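Student: Could we work through how side chains and helices pack in this model, one question at a time?

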Amino acid sequence: MLSARAQKIKPSPTLAIDSRAKAMKASGVDVINFGVGEPDFDTPDNIKEAACKAIRDGFTKYTPVGGIDPLKDAIIKKFHVDNGITYQREEIIVSCGAKHSLYNVAQALYGPGDEVIIPSPYWVSYPDQVLLNDAKPVFVQTLEKDSFMLKPEALEAAITDRTKSLILNSPSNPTGMLYDKKTLEKIAELAVRHNFYVISDEIYEKLVYGNAAHISIASLHDEIKARTIVINGLSKSHAMTGWRLGYAAGPADVIKAMTNIQSQSTSNPTSVTQKAAVEALNGPQDFVSVMRSEFDRRRTFIVRGLNTILGMHCMAPNGAFYVFPHTASIYGSRFHNKTVASSTDFALYLLEEAKVALVPGDAFGDDNYLRISYATSLEDIRKGIERIRQAVQNLMPAT
Ligand SMILES: *Cc1c(COP(=O)(O)O)cnc(C)c1O
């Protein structure tokens with residue numbers, strides 16, 4: 001008999017669609033994969049070389065649980081230069097991915113009776129990580145007309161004396177939304193007044209477009225910094241998803257608890273990856289801007305294309321590599337004698353009929369939308385949009 005905890009959670013739905021699309025592709029089907037949650041760029045050579053050197057030098061043993069000092073120092077420098085925040089080594093932990101840092105925070109902070117506020121649409125792992133630690137996710141709906149930003153009034157209405165934390169994700173997966181300073185200031189004010197933590201997932205920090213600028217809520221003032229755990233990592237910024245390296249910065253007591261938890265589960269992140277990460281943070285950064293401009297080009301192209309498909313409309317996001325088109329107007333239409341009644345029906349229809357893989361909005365807590373990742377070639381994006389257009393034209397409108 002499995003534990004109650006294990007029975008409460010489900011596998012990551014984004015990974016599930018991705019593996020199904022990959023399986024179809026492997027069996028020879030020409031699938032366009034808009035489901036991917038990782039950059040389609042290769043890790044830069046200087047980073048790979050640093051890892052090879054670490055292996056040749058025999059840097060292949062256990063390291064301190066929370067990361068080697070040169071890496072912590074590189075992370076401290078990054079926070080100082082990019083975010084204007086000052087941290088000490090005991091306020092930093094390096095983990096096996098940002099997801100692992102998030103999991104460590106959940107273990108360190110949550111217990112039975114605690115409530116964790118999650119703005120919806122949300123990244124898929126947030127609710128399940130809360131459930132795994134016996135706490136309760138409290139969802140607050142955000143709306144496209146507010147660019148999917150959490151309204152301070154809506155946050156205030158959700159706060160109770162059991163509120164333990166709020167999870168922020170800016171830029172956001174799945175919507176691509178980026179918080180503005182005014183909203184962050186109001187959210188910070190509420191967190192300080194009601195004394196709860198803010199978990200700020202900033203993994204897409206480097207992927208911000210146009211005139212928009214990323215702001216870390218922890219940079220606003222000392223009172224909010226004392227209640228914020230910033231989560232970041234190299235998966236998205238340096239195309240290093242498979243290397244498994246993320247980190248967190250926050251109050252020393254929370255970081256210490258996270259480090260103790262990590263010491264009893266995974267121990268240190270891979271020694272070789274840590275050396276690669278030092279190079280990623282301290283070495284040349286031109287790769288990041290090359291990748292960003294390419295994503296920006298695709299973003300403009302895909303938003304324009306999707307907005308020409310009847311029944312869809314799509315906000316132009318400021319960050320990450322996703323668009324989140326509204327598709328609910330299409331629900332109720334039919335193909336042969338099947339009705340497309342939900343985002344999941346629509347995603348399955350597109351996979352089967354158009355050979356386009358993408359993730360239903362339902363996976364992120366909003367059935368009215370689909371998530372499309374543009375971490376794929378412009379050529380595939382062009383083809384994918386045409387396939388979706390054709391598939392939508394083949395539907396019989398709702399009667
Ligand atoms: C990709 C992603 C992560 C996890 O990144 P890893 O460092 O690979 O674990 C965390 N949060 C969000 C919102 C993501 O999209």
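**Rings, charges and a helix crossing**

Tutor: In this predicted model, the structure holds 16 aromatic pairs.

Student: What kind of aromatic pair do tryptophan 123 and tyrosine 126 form?

Tutor: A pair of aromatic rings is described by the distance of the centres and the angle of the planes. For tryptophan 123 and tyrosine 126 the centres lie 5.4 Å apart, with 70° between the planes. Because planes over 60 degrees apart count as edge-to-face, the pair of tryptophan 123 and tyrosine 126 is edge-to-face.

Student: Is tyrosine 126 buried or exposed?

Tutor: The cut-off for buried is under 20% relative accessible area. Tyrosine 126 has a relative accessibility of 3%, so tyrosine 126 counts as buried.

Student: How far from the ring centre of phenylalanine 59 does lysine 275 lie?

Tutor: Lysine 275 is placed over the face of phenylalanine 59. For a charge to sit over a ring, the distance to the ring centre has to be within 6 Å. The distance for lysine 275 is 4.4 Å.

Student: How are helix 5 and helix 10 oriented to each other, roughly perpendicular or roughly parallel?

Tutor: The axes of helix 5 (residues 98–109) and helix 10 (residues 252–263) come within 9 Å and cross at roughly 105°. Angles of 65 to 115 degrees count as roughly perpendicular, and therefore helix 5 is, relative to helix 10, roughly perpendicular.

Student: How many charged residues does the contact of helix 5 with helix 10 have?

Tutor: Among the residues making this contact are His100 and Asn104 of helix 5 and Met258 and Gln262 of helix 10. By class, the contact has 7 nonpolar and 5 polar residues, and the number of charged residues is none.

Conventions:
Residues are numbered from 1 along each chain as its sequence is written. This is a predicted model: local features need pLDDT of at least 70, side-chain atom pairs count only at pLDDT 80 or more; totals for chains, interfaces and linings use all residues. Side-chain values use heavy atoms; hydrogens and water are left out. Axes are lines fitted to C-alpha atoms, for helices over the stretch in contact, and angles run from 0 to 180 degrees between N-to-C directions. Helices (H or I, at least four residues) and strands (E, at least two) are DSSP runs, numbered from the N terminus. Angles under 35 degrees count as roughly parallel, over 145 as roughly antiparallel, 65 to 115 as roughly perpendicular and the rest as oblique. Contact means heavy atoms within 4.5 Å. Ala, Val, Leu, Ile, Met, Phe, Trp, Tyr, Cys and Pro count as nonpolar, Asp, Glu, Lys and Arg as charged, and the others, Gly among them, as polar. Rings of Phe, Tyr and Trp (its six-membered ring) pair if their centres lie within 6.5 Å; planes under 30 degrees apart count as stacked, over 60 as edge-to-face and the rest as tilted. Buried means under 20% relative accessible area, exposed over 50%, partly exposed in between (1.4 Å probe, protein chains only). A charge sits over a ring if NZ of Lys or CZ of Arg is within 6 Å of the ring centre and within 35 degrees of the ring normal.
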